[in-house]
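Take a moment to look over the model before reading on. We will walk through it one place at a time.

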Amino acid sequence: MPQKEFPSLKNDLILKAVKGEFTEHIPIWIMRQAGRYLPEFQEVRAKHDFFFVCRTPALASEITLQPIKRFDLDASIIFSDILVIPQAMGLTVEMIPGMDPTDLVRLLHPNVEEDLKYVGDAITLTRHKLEGKVPLIGFSGAAWTLMSYMIQGGGSSTMTKAREWLYKYPEDSHKLLQRITNVIIDYLVMQVKAGAQLLQIFESHANFLNDELFVNYSFKYLKEISETVRQRLKEENISEVPMIVFPKGATMNSLEMLAKSKTYEILGLDWTIDPVEARKRFGFEITLQGNLDPCALYGSEQEIIKRAQDMATKFGKTRYIANLGHGILPDTPISSVTAFIKGIHSV
């Protein structure tokens, strides 16, 4: 559906922050803000399987809107999961434990417009239901992160099987990463066409890569995703949208390379990165996003407000979007979220 048919945007603070324009307060959204810490989310999940919710646009939209109705947030993010891409490529949620290069022939190249249409439908529906209150963010996992899940067959504290591929099967690693990247590009273009106003790429497993591996197996594909999505949108006469990259656990050198490359307008930082050091090394040419420790939300309300204010002051009000340094935790008190937002908006 053409974007011109959507309601006009009333709160564009996050888009102003991307351009370095003045904002009356610092914009804030929270990773996994539509999630398990909300009692209304728990009510939906008590009735429905997780991926059933993801594949049902009305339910995905309902959950996306839950935190927007409850909190004074400055952006929404569509409710979905990064594993929808491996599923569309023919792997189950459990995937293939110990996947090896011979399994590459089993992978499909999905028709994203059809196979992941439910995500696009959820985005379009949500844009209308938001009535322009805040922008809607679409997202995808990055290629290395999805590859590591696919090879491990699930989560891992070491990702040794996935990392083994990079050293043992470098050629096949690039083949797999390229195939995943091609699907990600199709998926993100589809999301923009459906109504996403920003895009976030989650490189959630950057912490398993040193600088050499990051350059070869992450940055290469992050760059291709950004450049090709923009090119595809241009070819179809669709306006570009700002893109956020969140390389969780990446080294400062890797982060600096990403920032200086200007491949993405917004660089998300995890909670281990010092805001003052980040500004010193990355400057104000890129918008920074983050990065309160999610566990800080277990503190007292006054302590949370103070920490939020301190963080925002260190980052500065220019080219800054407040967020956590990773997704909000399932048992986070509702009052803590309110305090976090209050602290940021008071700076």
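Asparagine 253 is found in helix H12, which spans residues 252–261. Helices here are DSSP runs of H or I with at least four residues, strands are runs of E with at least two, and both are numbered from the N terminus. This is a predicted model, in which local features need pLDDT of at least 70 and side-chain atom pairs count only at pLDDT 80 or more, while totals for chains, interfaces and linings use all residues. Residues are numbered from 1 along each chain as its sequence is written, and side-chain values use heavy atoms, with hydrogens and water left out.

Buried means under 20% relative accessible area, exposed means over 50%, and partly exposed lies in between (1.4 Å probe, protein chains only). Asparagine 253 touches Asp211 and Arg281, leaving aside residues up to four places away in sequence. Contact means heavy atoms within 4.5 Å. Asparagine 253 and aspartate 211 are 42 residues apart in sequence, yet their C-alpha atoms are 6.9 Å apart in space.

Now move to helix H8. Serine 148 is found there. Its relative accessibility is 0%, so serine 148 counts as buried. Serine 148 touches Met159, Ala162 and His205, again not counting residues up to four places away in sequence.

Follow the first of those names. Methionine 159 is found in the loop between H8 and H9. Methionine 159 is buried too, with a relative accessible area of 0%. Its phi is near 55°, a positive value in a residue other than glycine. Most residues other than glycine have a negative phi, and most peptide bonds are trans. Arginine 319 also has a positive phi, about 50°, and is not a glycine. Arginine 319 lies in the loop between helix H14 (301–315) and strand E7 (320–324). What is the peptide bond from glycine 290 to asparagine 291, cis or trans? The bond is cis, with omega near -10°. Asparagine 291 is found in strand E6 (residues 287–292).

Next, look at how helices pack. Two packed helices are described by the angle between their axes and the distance between the axes. Helix H8 (residues 143–152) and helix H10 (residues 170–194) pack at about 115°, with axes 9 Å apart. Axes are lines fitted to C-alpha atoms, for helices over the stretch in contact, and angles run from 0 to 180 degrees between N-to-C directions. The contact includes Trp144, Met147 and Ile151 of H8, and Leu177, Ile180 and Ile184 of H10. By class, this contact of H8 with H10 has 10 nonpolar, 2 polar and no charged residues. Ala, Val, Leu, Ile, Met, Phe, Trp, Tyr, Cys and Pro count as nonpolar, Asp, Glu, Lys and Arg as charged, and the others, Gly among them, as polar.

Helix H9 (residues 160–168) meets H10 as well. Their axes come within 5 Å and cross at roughly 120°. Trp165, Leu166, Tyr167 and Lys168 of H9 make the contact with Pro170, Asp172, Ser173 and Leu176 of H10. By class, the contact of H9 with H10 has 5 nonpolar, 1 polar and 2 charged residues.

Finish with the cysteines. Cysteine 54 is buried, with a relative accessible area of 2%. Cysteine 295 is partly exposed, at 43%. How many disulfides are there? The count comes to 0, where a disulfide is a pair of cysteine sulfur atoms within 2.5 Å.
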